[in-house]
Amino acid sequence: MITAVQKPFDEISEMVKGHDKLLILGCGSCVTVCMAGGEKEVGILASTLRLFNKQNNISMEIIEDTIERQCDREFFDAVKDKILRADAVLSMACGAGVQFCAEVFEGKRVLPALNTRFYGATEQQGIWSECCAGCGSCVLDKFGGICPIARCSKSLLNGPCGGSQEGKCEVDPENIDCGWQLIYDRMKSLGLLHKLEENEPINDWSTGRDGGPGKIIREDMVL
Amino acid sequence: MREKKKIIAFCCENSSLKAAYAVTDQSILDAIEIIRLPCSGKAEIGLVLKCFENGHPGVLILGCPVDNCKYLTGNVRARKRVGMVKKALREAGIDENRVQMDFISSVDSHKFMNIVKEMEERLAPTAR
Amino acid sequence: MSELKAGTNLEKVFKAGHFAVTAELGPPKSADVEVINKKVQYLKGNVDAVNITDNQTAIVRMSSIAAGALVLQQGLEPVIQITCRDRNRIAIQSDVLGAYALGLKNILCLTGDHQKFGNHGTCKNVFDLDSIQLIQALKTMRDEKQFICGDEIKNSKKAPIVEPRILIGAAANPFADPFEFRVIRLAKKVNAGVDFIQTQCVYDMERFEEWMKQVRERGLHKQVKIMAGLTPLKAVGMAKYMRDNVAGLSVPDYYIDRLSGAEDAPAEGIKICVEQIKRLKEIEGVAGVHIMAIEWERRVPEIVEAAGLLPRP
């Protein structure tokens with residue numbers, strides 16, 4: 001999923017200042033799963049903002065709603081009227097959802113309530129970690145299903161560097177496992193350690209962000 | 001004049017609710033509005049914030065003693081949730097001590113009374 | 001092949017079978033040339049070449065190539081460090097051409113410390129290549145006379161090929177994890193075409209010897225010149241800091257005890273370093289030492305002398 005965390009409240013309250021009627025719009029997909037921008041989080045943010053406004057004598061009507069996804073046009077139909085009536089939409093979707101909402105409702109002010117972080121998985125309840133860098137050219141077959149690009153702090157294809165200590169990455173030993181230690185352990189258990197002796201050639205990064213904004217076109221599906 | 005809003009007491013039915021039933025001092029009971037929960041862990045962050053939005057001066061979340069939760073960790077989780085509520089109150093510019101977590105055994109009506117009394121007195125000057 | 005690859009002093013020392021000695025020279029955190037001149041005076045004549053660090057620990061310093069050119073002007077041969085942190089393959093290849101044009105012919109290929117450790121922690125890193133790919137790139141430039149993209153290294157169709165003839169170095173860390181993979185990674189560097197290796201600073205001699213044993217088992221010491229890295233300990237505090245805070249470094253307690261018991265800790269640190277050199281000379285496959293006296297370049301001459309490594313060839 002795409003993971004995100006809520007922006008600092010100060011930043012949000014400053015951002016929404018001056019709007020008389022604000023729609024806080026949650027997203028029912030990834031950010032609901034990572035507990036950053038679903039229905040519950042919409043309620044909490046709305047309550048906090050109302051309390052803040054009351055304390056500061058700010059008059060603002062705050063409406064709450066959540067749709068299934070903010071990255072697909074069809075789901076916006078359900079909240080179309082609410083969006084049109086609001087002065088601004090405070091979107092609790094990921095960056096893609098915020099932008100898409102703005103694209104669907106041209107001329108509407110759409111503001112981000114979240115900081116989008118990464119493509120990740122639920123390591124355990126309440127903990128999410130980055131797994132994929134969206135490089136556009138998957139190498140997981142070569143590394144036992146562990147991505148060196150996303151999980152090594154330096155994206156080394158021929159790791160690990162000297163900063164690997166007791167399974168941890170020196171960049172943040174508390175929180176970051178050395179991706180290459182994980183790769184090594186996995187390849188060893190798979191009996192494939194010899195594969196890691198081969199030098200990984202210089203990479204083609206053009207399939208990812210370095211090739212410019214990505215676009216996928218499925219000719220058979222295009223209307 | 002609007003009716004004076006009371007302190008909300010979210011009470012776990014396995015402990016603090018029983019303690020509340022044993023309270024004989026009517027003034028204590030009059031000061032609060034009890035909401036029965038199957039576990040203090042059921043007190044969601046959004047729900048607690050809603051109490052403040054609705055004008056209640058304070059919220060108590062009263063769970064079982066630590067290590068004595070019927071659902072194992074509901075009370076500990078409640079304490080963490082209260083931490084999140086406190087953060088939201090701080091952000092909104094409201095005294096974070098208006099929400100309070102406590103752990104009460106079913107036989108400790110004395111502690112129950114003290115907690116309510118303390119919060120009531122503390123919030124009295126600002127209570128409407 | 002008896003022909004020299006780059007013809008540098010360091011290469012000749014290796015070739016002649018001498019026990020090589022290099023040191024490290026950190027460029028200034030300013031445009032102050034005097035800092036370099038001073039350090040050169042300490043090192044000149046006492047080492048075969050000197051490493052010029054490339055924004056080491058991600059702290060901005062004078063560029064390694066510029067500082068290297070200044071060092072060369074003073075008559076001391078530099079080894080230019082290039083990290084993968086700050087430059088992509090375009091910038092790196094361009095810099096290699098420039099370095100060679102300035103007469104800088106030893107290049108050490110490093111991944112580079114993460115920017116988190118430096119003074120610009122909010123920057124974007126590059127890591128377009130990793131150190132092994134950088135070795136491969138330099139070898140391709142030197143031996144295939146091609147850029148990474150496959151183009152020949154010449155200014156125009158009719159122009160002559162003028163490739164950078166570089167002696168390629170790299171680092172190895174015998175102390176990081178996973179330990180069993182450390183020699184494999186060295187083998188990968190050898191396969192990529194590295195000519196010489198400098199290790200992370202050695203304190204734990206037993207672990208280093210164990211690593212060297214693995215190196216010999218794979219015959220790697222015959223394919224690459226391995227220089228053991230050394231950093232003389234200035235004080236107990238420094239030893240403890242290295243032990244506790246630098247990933248991939250283990251400083252044994254007996255060195256810490258010696259330093260804390262000594263009246264003159266710096267002198268004891270130097271004594272330890274000299275003892276280490278003497279022991280390292282006896283290890284089969286160790287072709288030299290690389291002395292990284294961090295901001296302590298002035299003490300290098302006495303270390304080299306006490307270790308019986310003077311005069312230099």
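Which residues form one aromatic cluster?

1. The cluster consists of A:Phe143, A:Trp180, A:Tyr184 and C:Phe181. This is a predicted model, in which local features need pLDDT of at least 70 and side-chain atom pairs count only at pLDDT 80 or more, while totals for chains, interfaces and linings use all residues. Residues are numbered from 1 along each chain as its sequence is written, chains are lettered from A in the order in which they are written, and side-chain values use heavy atoms, without hydrogens and water.

2. Over all chains there are 9 aromatic pairs (ring centres of Phe, Tyr and Trp, the latter by its six-membered ring, within 6.5 Å; planes under 30 degrees apart stacked, over 60 edge-to-face, the rest tilted). The rings of A:Phe9 and A:Phe52 are edge-to-face, because their planes stand at 75°, with centres 5.5 Å apart. A:Phe9 belongs to helix 1 (residues 9–16) of chain A and A:Phe52 to helix 3 (residues 39–55) of chain A, so the pair ties together parts 43 residues apart in sequence. Helices here are DSSP runs of H or I with at least four residues, and strands are runs of E with at least two, numbered from the N terminus.

3. A:Phe9 and A:Phe52 are buried (under 20% relative accessible area, with exposed over 50% and partly exposed in between; 1.4 Å probe, protein chains only). A:Phe76 and A:Phe100 are both buried as well.

4. The domain assignment, automatic or from a database, divides chain A into domain 1 (2–117) and domain 2 (133–200).
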